[in-house]
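Work through the following exercises with the sequence and the structure open beside you.

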Protein chains: 2
Amino acid sequence: MTILLKIWSGWVNNMVSAVEKGGEAEAEPESDLSYFFEPRSVAIIGALREGWFGGYVIIKNLRLFGFPGEIYPVNPRYDKVLGLDVYASIKDVPATVDLVIIITPAATVPGILEECGDASVRAAIVVSDGFAERSEEGAKLQEELVGIGRREGVRILGPNTVGVTNTANGLVTTPYEFGYSSIRRGYVALAGQTGIIAPQAVPYEDLQYGVSKICDFGNKCDVDETDLLEYLAEDAETKVIAMYLEGIKDGRRFLATAKRVVKRKPVIVLKSGRSEEGARVASSHTGTLAGDDRIYEAAFRQVGVLRVRNFRELFEIPKIFGQPRPKGNRIAIITMTGGAGVMSTDVAYECSLELARFSEKTIGELEKIFPSLAKNPSDVGPAMFAGDLVQIYKKTIEAALEDENVDCVSVVLWTGEAAPPQLYVELFNELKEKASKPIAIWIYGTKVTAVHELSRELEKLDFPVFLDFETAVRALGMLCEYSRLQGDA
Amino acid sequence: MTILLKIWSGWVNNMVSAVEKGGEAEAEPESDLSYFFEPRSVAIIGALREGWFGGYVIIKNLRLFGFPGEIYPVNPRYDKVLGLDVYASIKDVPATVDLVIIITPAATVPGILEECGDASVRAAIVVSDGFAERSEEGAKLQEELVGIGRREGVRILGPNTVGVTNTANGLVTTPYEFGYSSIRRGYVALAGQTGIIAPQAVPYEDLQYGVSKICDFGNKCDVDETDLLEYLAEDAETKVIAMYLEGIKDGRRFLATAKRVVKRKPVIVLKSGRSEEGARVASSHTGTLAGDDRIYEAAFRQVGVLRVRNFRELFEIPKIFGQPRPKGNRIAIITMTGGAGVMSTDVAYECSLELARFSEKTIGELEKIFPSLAKNPSDVGPAMFAGDLVQIYKKTIEAALEDENVDCVSVVLWTGEAAPPQLYVELFNELKEKASKPIAIWIYGTKVTAVHELSRELEKLDFPVFLDFETAVRALGMLCEYSRLQGDA
């Protein structure tokens with residue numbers, strides 16, 4: 001085992017030193033992705049039949065989400081769709097198009113891309129599937145696309161992708177009808193070799209999850225994770241980048257770029273294909289080579305990429321990065337159930353947080369309310385009858401926030417008959433003005449809807465709510481780790 | 001490290017061999033807990049003030065949940081409550097009481113328990129807090145309780161507990177108003193040194209989670225995890241036992257008992273106090289000594305106790321044990337998103353499952369519908385347009401269930417415009433008759449309520465739905481591990 005470890009660490013060192021010597025040059029942006037996210041005009045080429053999937057729906061979604069640019073449907077068999085003139089070919093569109101979305105049978109895509117090149121289109125999202133993920137033949141077709149794109153100067157996202165979302169301009173290219181029409185504008189950029197992060201898969205509106213950009217790489221024949229990293233590094237809306245990756249196209253370039261980007265904003269990665277079988281499946285999913293997981297693990301660590309362990313974490317943990325940066329790793333755990341306090345403590349230590357020792361002042365103040373509050377974890381449960389429950393929460397959270405020995409706070413909220421959601425919303429509305437330390441919340445209670453409603457309202461106030469208390473604590477751990485790596489803490 | 005490992009394994013072997021030699025005698029039931037779960041009559045001693053907490057609410061809850069036994073409120077300051085005569089003391093109750101629930105200030109509990117002994121009460125749930133979890137003085141009071149209980153032949157659950165739930169007879173002793181009045185009668189017994197598993201903390205009705213018994217040990221001064229294990233082993237309603245433990249009172253006795261019980265039904269344990277700080281906090285939560293985690297880890301493994309890693313798993317994984325027992329460890333993954341397929345494969349391998357290789361017959365049948373279905377993971381996504389989505393799911397799930405190379409199935413369901421919840425309910429209604437292999441489900445979609453509704457309906461049909469696909473796969477892994485340990489697989 002020791003020998004294996006040495007071999008890995010050798011590989012990693014080679015990889016990272018290659019990055020440091022020669023990698024920077026290669027890591028220069030090859031081209032700007034702004035045409036994908038900030039196009040002035042979009043053409044939708046292909047399926048315009050009314051239904052819940054296809055180009056027809058893309059046009060509907062662009063309008064629903066308020067995309068202000070020009071929209072040009074292209075299909076030789078239609079005249080009008082949704083009140084818009086339909087053009088027989090991209091060449092007939094009477095203006096230069098920044099972004100095309102192609103949703104036609106795979107075999108027709110190369111020809112269409114060629115025409116796009118002729119029409120000076122700069123960016124193409126290829127929704128169509130049936131490429132490298134399907135067959136040998138599809139793989140050849142995909143290579144053909146890459147060749148045409150390079151020759152014609154058209155960057156390609158996909159194929160086999162649902163495309164992008166930009167909450168700043170209402171650009172939602174998802175070809176599915178998904179039944180809601182707003183995504184909260186926020187600071188998390190989500191990307192992946194999967195549509196599972198896109199609006200047809202996630203109840204973004206219901207969750208009030210704040211998004212800056214979403215990008216499904218699909219088969220990643222051209223635009224890849226490193227291109228996107230470069231783009232998102234410059235994107236003022238994005239404070240944190242979360243990526244699901246099955247493989248990395250150019251490991252050296254990715255690591256060199258990530259190393260620069262993490263100094264400005266955190267990069268969180270969920271890398272699958274950890275098992276041999278997983279790697280094999282990844283290859284048939286998006287035609288990616290997964291690579292040796294142990295090398296990635298070590299390389300990520302060395303350049304400061306934060307790695308998460310499952311999809312839930314990839315989705316939830318980025319939310320914590322909207323919170324103030326902690327100055328250290330000392331956590332105050334405020335709970336309503338002693339059990340969650342003990343379990344949270346275990347998780348805290350597993351992710352290098354320490355239990356804060358409350359100052360004499362805090363202890364004095366909280367003792368006066370109820371003894372169980374004056375220790376850490378601070379247990380609101382036994383104090384329930386010492387006054388109004390929500391007020392006790394308020395005083396305890398405020399005391400923890402003001403304590404110089406506390407760097408971050410996790411809060412377990414219980415909502416039930418004695419503590420209706422609305423009272424907590426008022427409390428956090430007040431706290432919002434004062435909180436200069438990160439807070440992570442878990443809510444439990446007797447009604448699914450009450451828990452969900454409260455969660456939604458607190459998210460609107462920019463307090464991150466997690467689906468379990470372990471993830472809440474782990475998110476704080478990752479925030480502290482990032483701060484430590486950046487030298488803040 | 002090797003030396004440490006040897007030391008641990010020495011400890012564990014000593015522990016287990018002690019168990020095997022002399023432990024069995026000690027592991028005999030000290031007394032039956034049936035008075036706690038199946039009392040013919042219950043007295044509630046203490047707080048009867050109208051409100052959302054206390055003895056008043058216990059009486060309301062017992063009635064709401066349909067407890068058929070006699071209920072005797074006891075409090076010298078009341079005459080009548082909720083139409084019932086109130087007795088000044090337990091001695092005045094004109095019948096023998098099987099179970100008392102004491103909810104009075106800590107200092108008064110010993111005297112009351114003494115009176116209960118005189119009145120031939122056999123079981124007491126002490127809801128009151130302020131004992132070993134609070135102070136030295138409280139710890140002494142708790143010792144006093146233990147002494148009285150032993151002398152008088154009264155078994156004690158608690159103190160500092162919300163008590164028990166038995167869905168077979170409507171016995172719900174939770175002293176909180178929690179806003180619902182039914183818990184689905186099922187096969188999972190949940191126990192813990194925490195109220196976090198009790199009805200005031202979990203939306204049992206909303207989830208349609210099937211429960212047999214719930215037990216909060218509280219400070220565990222008398223009735224402990226081993227007593228409960230013995231009781232639940234014999235309980236015909238309980239198919240699987242899940243316990244959150246901060247410490248184990250008598251490790252040898254617990255292991256000896258568990259070793260016997262796991263042959264009849266699985267025992268799943270979440271043990272906290274893994275970190276030193278967690279152990280310290282556990283001690284101040286319920287006055288428990290957590291013990292060395294590494295010893296527990298090894299000992300659990302040796303006697304066949306299944307260990308989970310977090311509270312979510314403790315709560316969710318037991319649900320899988322209502323499914324048919326698998327004959328092997330070969331999983332079919334049916335997904336709607338390739339990404340979830342890759343990630344599920346990783347988790348499958350991490351918990352010793354193998355990807356099933358579909359038979360020629362299955363491959364032939366599924367190829368005919370769409371090529372992406374004929375491999376494992378089987379991807380319904382690209383096949384969406386080959387017919388009605390829910391019908392494609394149906395054919396794929398059925399083919400996997402009928403394939404002799406498949407032992408268990410995980411299903412990722414997407415609900416959205418193209419696939420409303422009701423169609424899936426019909427599908428699983430049909431599958432219910434046929435399924436002779438375990439199925440674990442994850443549902444995702446664009447509306448929180450739609451996902452929740454579908455989950456509820458499938459749970460009612462006894463198909464377990466998990467909050468993430470990783471936990472769904474891990475649950476199947478644990479089911480297969482249990483079958484392997486029992487020699488089924």
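**Exercise 1.** Identify which residues line the second largest cavity, and sort them by type.

*Solution.* The lining of the second largest cavity consists of B:Arg184, B:Tyr187, B:Val188, B:Gly210, B:Lys319, B:Glu459, B:Asp462, B:Phe463 and B:Pro464. A cavity here is a set of points, on a 1 Å grid over the protein atoms alone, where a 1.4 Å probe fits but cannot get out, and lining residues have an atom within 4 Å of a point. Sorted by type, the lining holds four nonpolar, one polar and four charged residues, where Ala, Val, Leu, Ile, Met, Phe, Trp, Tyr, Cys and Pro count as nonpolar, Asp, Glu, Lys and Arg as charged, and the others, Gly among them, as polar. The space in this cavity is about 70 Å³, a volume being the space filled by probe spheres set on the grid points, which are joined across faces, edges and corners. In the whole structure, three cavities of 30 Å³ or more are found.

The model is predicted, so that local features need pLDDT of at least 70 and side-chain atom pairs count only at pLDDT 80 or more, while totals for chains, interfaces and linings use all residues. Residues are numbered from 1 along each chain as its sequence is written, chains are lettered from A and ligands numbered from 1 in the order in which they are written, and side-chain values use heavy atoms, with hydrogens and water left out.

**Exercise 2.** Decide whether A:Lys213 is buried or exposed, and find its side-chain polar partner.

*Solution.* Begin with the location: A:Lys213 lies in strand 11 (residues 211-216) of chain A, strands being DSSP runs of E of at least two residues and helices runs of H or I of at least four, numbered from the N terminus. A:Lys213 is buried because its relative accessible area is 3%, and buried means under 20%, exposed over 50% and partly exposed in between, with a 1.4 Å probe and protein chains only. Its side chain makes a polar contact (a pair of N or O atoms within 3.5 Å; within protein, one must be able to donate a hydrogen and the other to accept it, and residues adjacent in sequence count only if both atoms are side-chain atoms) with the side chain of A:Asn166, at 3.2 Å.

Notes: 1 Å grid on protein atoms, 1.4 Å probe; cavity = no way out; pocket = protein on both sides within 12 Å on 5 of 7 lines; lining within 4 Å.
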